[in-house]
Amino acid sequence: MTDTYDSVTRTPERIAVLGGGSFGTSLASIAATKGARVRQWMRDDALAREITEQHHNSRYLPGIELNPTIKANTDMAWVLEDAELVLIAIPSSSFRAVVRMARPWLNEHQVLLSTTKGIEESTFSLMSDIVREETDSTHVGVLSGPNLASELAAGHLTATVVASDDPFTRASAQACLSCDYFRVYASNDRYGVELGGALKNIYAIGVGMAAALGMGANTKSMIMTRALAEMSRFAVSLGASPLTFLGLAGVGDLIVTCSSELSRNYRIGYAVGEGRTLDDAIETLGQVAEGVNTVRLVHQRASQEGIYMPLAGGLYRVLFEGVSPQDMGLTLMRSDHSSDVEFTLSRQDAQRDHHSLYETNQDPRT
């Protein structure tokens with residue numbers, strides 16, 4: 001496999017998937033259905049045997065029939081042997097450790113794609129940053145979008161985004177994963193796409209809380225719309241394009257994560273809204289909900305950088321400081337007046353107009 005864009009004339013034929021969870025397994029099945037040799041790595045030997053021999057992942061995708069050609073194993077060297085494209089579907093808390101484990105069998109010509117929607121706690125690094133730091137690959141990208149794994153595995157029509165500043169990476173991902181029910185769009189805003197995937201998890205927790213409290217469609221719509229404003233504000237301050245958040249990795253992923261009871265972050269929020277403790281909600285879920293850690297990390301970073309994120313801050317206080325969801329909702333509704341779309345009218349201008357109205361007791365336009 002060469003490393004020039006012009007050489008992308010065929011689908012990568014040897015694909016490795018690192019991770020035995022729901023999304024990694026779904027992607028492995030898609031790639032195998034397209035005819036690639038697919039090997040999947042995981043730590044659990046029993047689960048690896050089940051995928052290989054019984055073509056099921058009963059822990060994460062119960063009832064779903066997987067492509068029978070997938071071979072799963074706990075042997076990292078065997079899984080990565082001759083791989084042309086590597087999909088890394090590992091929770092953010094273990095992501096760097098697994099990439100380091102894989103490093104002896106990785107090379108600079110392989111396409112390495114992260115599918116993890118999270119932020120590393122100790123460094124605030126995104127997963128593609130970790131791949132760049134820990135490997136020699138010149139072909140690094142991310143895959144993100146409105147992709148509930150169980151629906152994807154069941155063959156529901158789904159779209160996603162592959163983002164990289166490297167055209168070879170984008171084309172390779174589209175070639176090996178696009179099929180009749182899974183469409184892969186391209187972007188060159190890797191940072192924006194990856195931040196969109198991480199940040200939307202925060203607000204799914206908030207919508208889940210609102211649903212548990214009996215709030216209706218108006219409330220959910222308000223949270224999602226203001227969430228999009230916060231997401232783009234935060235991402236742009238860190239160098240992303242605001243236009244990315246109008247696409248699948250922004251508003252698309254936000255809608256599905258906030259609207260479906262299949263979303264792990266939504267379910268965490270719903271449990272907290274019902275009055276359960278955060279620890280109890282996490283234990284009941286039994287899977288990683290990246291949004292919980294992301295709430296804390298983003299709130300801390302926004303506070304340090306002076307980025308206005310009232311929803312994220314409110315969720316932080318509910319999850320980690322014991323404030324009730326009802327009290328926090330009332331506080332947010334009583335906060336300072338602001339603008340709707342900041343790229344047309346800034347928040348500062350809206351506040352200045354409002355203050356001027358009270359100070360002069362007249363229309364600030366006169």
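A pocket is an open set of points, on a 1 Å grid over the protein atoms alone, with protein on both sides within 12 Å along at least five of seven lines; a cavity is a set of points where a 1.4 Å probe fits but cannot get out, and lining residues have an atom within 4 Å of a point. Grid points are joined across faces, edges and corners, and a volume is the space filled by probe spheres set on the points. The model is predicted, with local features requiring pLDDT of at least 70 and side-chain atom pairs counted only at pLDDT 80 or more, while totals for chains, interfaces and linings use all residues. Residues are numbered from 1 along each chain as its sequence is written, and side-chain values use heavy atoms, without hydrogens and water.

The second largest pocket has a volume of about 790 Å³. Its lining comprises 29 residues, of which M222, L311, G329, L332 and M333 are the closest to the centre. The helix α15 (325-333) contributes the most to this lining, with 7 residues.

For the largest pocket, the volume is about 1,100 Å³. It is lined by 44 residues, and those closest to its centre are G21, S22, F23, R264 and Q287.

The whole structure contains 1 cavity of 30 Å³ or more. The largest cavity holds about 40 Å³ of space and is lined by S114, T115, T116, K117, V142, L143, S144, V193 and E194. The largest share of this lining, 3 residues, comes from β6. Helices (H or I, at least four residues) and strands (E, at least two) are DSSP runs, numbered from the N terminus.
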